[in-house]
Amino acid sequence: MNAMTFLINTAFDLYIMVVLLRVWLQLARADFYNPFSQFVVKATQPVVGPLRRLIPSLGSLDLATVLFGYLLMVAKFAVLDLVAGNPLTLSGGMFIFSTIALLKAAGKLLFWVLILRAILSWVSQGNNPVEYVFHQLTEPVCAPVRRVIPPIGGLDLSILVVFIALQFINMLIGDFLGPVWYAL
């Protein structure tokens, strides 16, 4: 059963990250003509398109896409419960657990985009479309840090500071929520 749980968990997590990327791209007003952005839009449009006709946006926040990500998280836990042989119970705890898991997935996504941006900055010549979108996504987080800690000898420490802040927040929330947080 571990192999099946791994496969289900991975498939749901990857698609949830794509859905969260769509929300993030819209919030950051990233270039939607970029090939990477186009992939994200095409991968989520079959479900998000009809939902957007029913659910309005709240300013620049696309509530339909957020709701889709949340429903995917609920479905993930429901499917994992069924695979584990547990009866399907859609209780209030599962909905709260799904909300917390979606927030943690957003933090993980930020972490991985920052890692990829750092790696691409070392190996890319600056004309990579994925690097350009990652720069657009992470610059609102890194720029305030860079104003306080400027680059030292061409070395940008803002990503490292954001990593430390993300880890601190993760541990702080883990202290309050205990084993539930680390199970996600």
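Read along the sequence, the protein follows the pattern α-α-α-α-α-α-α. It has 7 helices and 0 strands. Helices (H or I, at least four residues) and strands (E, at least two) are DSSP runs, numbered from the N terminus. The model is predicted: local features need pLDDT of at least 70, side-chain atom pairs count only at pLDDT 80 or more, and totals for chains, interfaces and linings use all residues. Residues are numbered from 1 along each chain as its sequence is written, and side-chain values use heavy atoms, with hydrogens and water left out.

The C-alpha trace spans about 60 × 40 × 35 Å along its principal axes. The protein has 184 residues, of which 39% count as buried. Buried means under 20% relative accessible area, exposed over 50%, and partly exposed in between (1.4 Å probe, protein chains only). Contact means heavy atoms within 4.5 Å. Among contacts with a separation of 6 or more, 62% come from residues 24 or more positions apart.

The largest pocket holds about 540 Å³ of space. Its lining comprises 27 residues, and those closest to the centre are Asp13, Leu14, Met17, Lys108 and Trp112. A pocket is an open set of points on a 1 Å grid over the protein atoms alone, where a 1.4 Å probe fits, with protein on both sides within 12 Å along at least five of seven lines; a cavity is a set from which the probe cannot get out. Lining residues have an atom within 4 Å of a point. Grid points are joined across faces, edges and corners, and the volume is the space filled by probe spheres set on the points. At least two lining residues come from each of helix H1 (2–28), helix H2 (35–54), helix H3 (63–83), helix H4 (92–123) and helix H5 (129–148). By class, the lining has 21 nonpolar, 2 polar and 4 charged residues. Here Ala, Val, Leu, Ile, Met, Phe, Trp, Tyr, Cys and Pro count as nonpolar, Asp, Glu, Lys and Arg as charged, and the others, Gly among them, as polar.

Salt bridges were examined next. The structure holds 5 of them. The criterion is a side-chain nitrogen of Lys or Arg within 4 Å of a carboxyl oxygen of Asp or Glu. Aspartate 13 lies in helix H1 and lysine 76 in helix H3, so the pair ties together parts 63 residues apart in sequence. Aspartate 13 is partly exposed, with a relative accessible area of 26%. Lysine 76 is buried, at 7%.

Arginine 117 forms a salt bridge with glutamate 139, with the closest N and O atoms 3.3 Å apart. Arginine 117 belongs to helix H4 and glutamate 139 to helix H5, so this pair ties together parts 22 residues apart in sequence. Both arginine 117 and glutamate 139 are buried. Glutamate 139 also bridges to arginine 146, where the closest N and O atoms are 2.4 Å apart. Shared partners join Arg117, Glu139, Arg146 and Asp156 into one network of salt bridges.

Aromatic pairs were assigned from ring geometry. Rings of Phe, Tyr and Trp (its six-membered ring) pair if their centres lie within 6.5 Å; planes under 30 degrees apart count as stacked, over 60 as edge-to-face and the rest as tilted. The count comes to 5 aromatic pairs. The rings of tyrosine 15 and phenylalanine 68 have centres 5.9 Å apart and planes at 80°, so the pair is edge-to-face. Tyrosine 15 in helix H1 and phenylalanine 68 in helix H3 are 53 residues apart, and the pair links distant parts of the chain. Tyrosine 15 is partly exposed, at 26% relative accessible area, whereas phenylalanine 68 is buried, at 9%. Phenylalanine 36 and phenylalanine 134 also pair edge-to-face, with 5.4 Å centre to centre and 85° between the planes. Phenylalanine 36 is in helix H2 and phenylalanine 134 in helix H5, 98 residues apart. Phenylalanine 36 is buried at 17% relative accessibility, and phenylalanine 134 at 5%. Ring pairs also link Phe111, Trp112 and Phe163 into a cluster.

Valine 162 lies in helix H6 (residues 158–177). Valine 162 is buried, with 6% relative accessibility. Beyond its neighbours within four places in sequence, valine 162 contacts Leu114, Val141, Cys142 and Val145. Arginine 29 is in the loop between H1 and H2. Its phi is positive, about 55°, although it is not a glycine. Arginine 29 is exposed, with a relative accessible area of 65%.
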